[in-house]
Amino acid sequence: MAIIADWLSTLPGNPLPQFQAVDRRWYYWRAHKSGRSHPQPPQVVFQNSSTLGTTDWDIVICGGTLGILLGTALAQKGWRVAILERGELQGRAQEWNTSRHELQVLVELELLTEAELEGAIASEFNPNRIAFHGGSEFWVKDVLNVGVAPAYLLECLKQRFLQQGGKLYEHTAFETVTVHPDGVCIQAGQTLTAKLMVDAMGHFSPIVAQARADQQPDAVCLVVGTCAKGIPAGATGDLMVSLAPIEQGHQSFWEAFPARDGRTTYLFTYADFAPEQPSLEQLFEEYLEALPNYQGIEIAELDAQRAMFGLFPSYRQSPLVLPWARMLAVGDSSGCQSPLSFGGFGAMLRHLRRLSEGIEDALKSDALSINDLALLQPYQPNLSVTWLFQRAMSVRANQALAPNQINDLLSVVFQSMETLGEPVLRPFLQDVVQFSPLYRTLLQVSLQSPGMIPTILQQVGPSALLDWMGHFAALGTYSGLHQMQPLIQGWSEKLPGRSRFQWRQRLDAWAYGSGADYKSS
Ligand SMILES: Cc1cc2nc3c(=O)[nH]c(=O)nc-3n(C[C@H](O)[C@H](O)[C@H](O)COP(=O)(O)OP(=O)(O)OC[C@H]3O[C@@H](n4cnc5c(N)ncnc54)[C@H](O)[C@@H]3O)c2cc1C
């Protein structure tokens, strides 16, 4: 164990203290599952029945990382927007991977010029590989093959936000908020009032902690890795590769791609909350042990520019609807990203137009009640169905699976998707699940490997399967309802303000919840 601590402490910026803090949090969660006490999160949201009268801002966004995307889109539309960021608003050095066409929304919403967008693209590579131990390889082009430099992107957005009259409060931490009938009053070392507060403070937002009370996340994705020189950068990437069967109670997957500062490699695994699950430190040991074989280098040649690690908790009840009027969660705090990937930036790109237009509509029609705002983070069956996939890719504590069971399953599923063609495979890889491709894949898997079905059923268990069938049926229903959009839209657009807002959000929910918003290029 001391080896990992020593190694991390020699890396640029000494990530050891932060790493230990994250691993302690993970330890705490696992221990809690085993019955230890769990203190109530502090109360940060209060309610008051007196009115505020006027407000300083239309919208206050707490948390600047993804908050600046939404903040700039809203300031661009002419709203009075303030962003509170507890640190400095600066993106991290490590790229976010996405697909080129997903970035286009930033230009379409006039948040970036084409030249700024090109400047934000730090790397581009093709094709990407998917491979599972003991199975075949699959290659895809133009999917998650663009690395965006967060530091550059956020700086451009910050400048645009300020030009549009937005106000950025850096080194200003959100402390509490009081919800009044006509606005919110935020304490952050100073007092700010607004019609709407947006929580963009990430997975560990104090507002989310209060809203989810002591609800335990249902699963977690654990990630460790580095961006390092010394590994041949290569021109291709790995989206998801497994090098071995289940070992030490978990199935590890790898990701690798060229980056501006070398080559990024991640090891990740899905876990439940049990003391038996590996610590991040154990995963880093496994990472350093397997990396030489994976990338064809000696560990002494690894010149790590930075270490990366993360815990991505996911809750079945997502996206999160905040139980207070005038408050909305976005970004990681909302849980609207897939539990399969750590693609929160990509999820924000996907929902940016919908959210910025929806918030504008909500403000214009004073539709800021709990129920109104719930329509902006609606149930998405195509997100909920992915739960079973995550369950099928993880080994729960004390679960005895055949060593290569997860790899064999994934090989068969990807073979089926490849047989069915790109329209099936591509959206899935970009976290968009659609009814017909999913149905056809399941049919293909049952025909191709009927023997696999009982094994899967046994692995995921009857209650998860039943739950999933409900979401699968809802996915079909949403796909059907979305077909009726042209009929309903003509009528709903003639409705008065608040009803029109509600119908617009329902139509969006059917589109996004069925994956019909997906554009392939
Ligand atoms: C190793 C790793 C690799 C990743 N790779 C990708 C990728 O390739 N593609 C992709 O799409 N996504 C990727 N992600 C996920 C992506 O980084 C997150 O989804 C994204 O950062 C979420 O942004 P957020 O603003 O919602 O939350 P956060 O990133 O957690 O940011 C929260 C913000 O709120 C601020 N804040 C917190 N508390 C307060 C407070 N009290 N007051 C004021 N401000 C506060 C924080 O300072 C921070 O700026 C990766 C993540 C990790 C860890």
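**View 1. The domains of the protein chain.** The domain assignment, which is automatic or taken from a database, divides the protein chain into domain 1 (2-37 + 216-314), domain 2 (45-126 + 142-214 + 316-379) and domain 3 (382-482). This is a predicted model, in which local features need pLDDT of at least 70 and side-chain atom pairs count only at pLDDT 80 or more, while totals for chains, interfaces and linings use all residues. Residues are numbered from 1 along each chain as its sequence is written, and side-chain values use heavy atoms, with hydrogens and water left out.

**View 2. The interface of domain 1 and domain 3.** The centres of domain 1 and domain 3, taken over C-alpha atoms, are 26 Å apart, and the contact (heavy atoms within 4.5 Å) takes 19 residues from domain 1 and 16 residues from domain 3. The buried area, which is the accessible area (1.4 Å probe) that two parts lose on being put together, summed over both, is about 1300 Å² here, and carbon and sulfur atoms give 65% of it. On the side of domain 1, the residues that lose the most area to domain 3 are Ile246, Gln251 and Tyr270, which together make up 36% of what that side buries.

View 3. A salt bridge is a side-chain nitrogen of Lys or Arg within 4 Å of a carboxyl oxygen of Asp or Glu, and a search of the whole structure finds 19 of them, although the count between domain 1 and domain 3 is zero. Arg100 lies in helix H4 (residues 100-108) and Glu118 in helix H5 (residues 114-120), so the pair ties together parts that are 18 residues apart in sequence. Helices (H or I, at least four residues) and strands (E, at least two) are DSSP runs, numbered from the N terminus.

View 4. Most residues other than glycine have a negative phi, and most peptide bonds are trans. The peptide bond from Asn126 to Pro127 is cis, with omega near -15°, and Pro127 sits in the loop between strand E5 (121-124) and strand E6 (128-131). A cis peptide bond also runs from Ser318 to Pro319, with omega near -5°, and Pro319 belongs to the loop between strand E17 (303-314) and strand E18 (327-329). Asn14, a residue other than glycine, has a positive phi near 40°, and its place is in the loop between helix H1 (2-9) and helix H2 (16-33).
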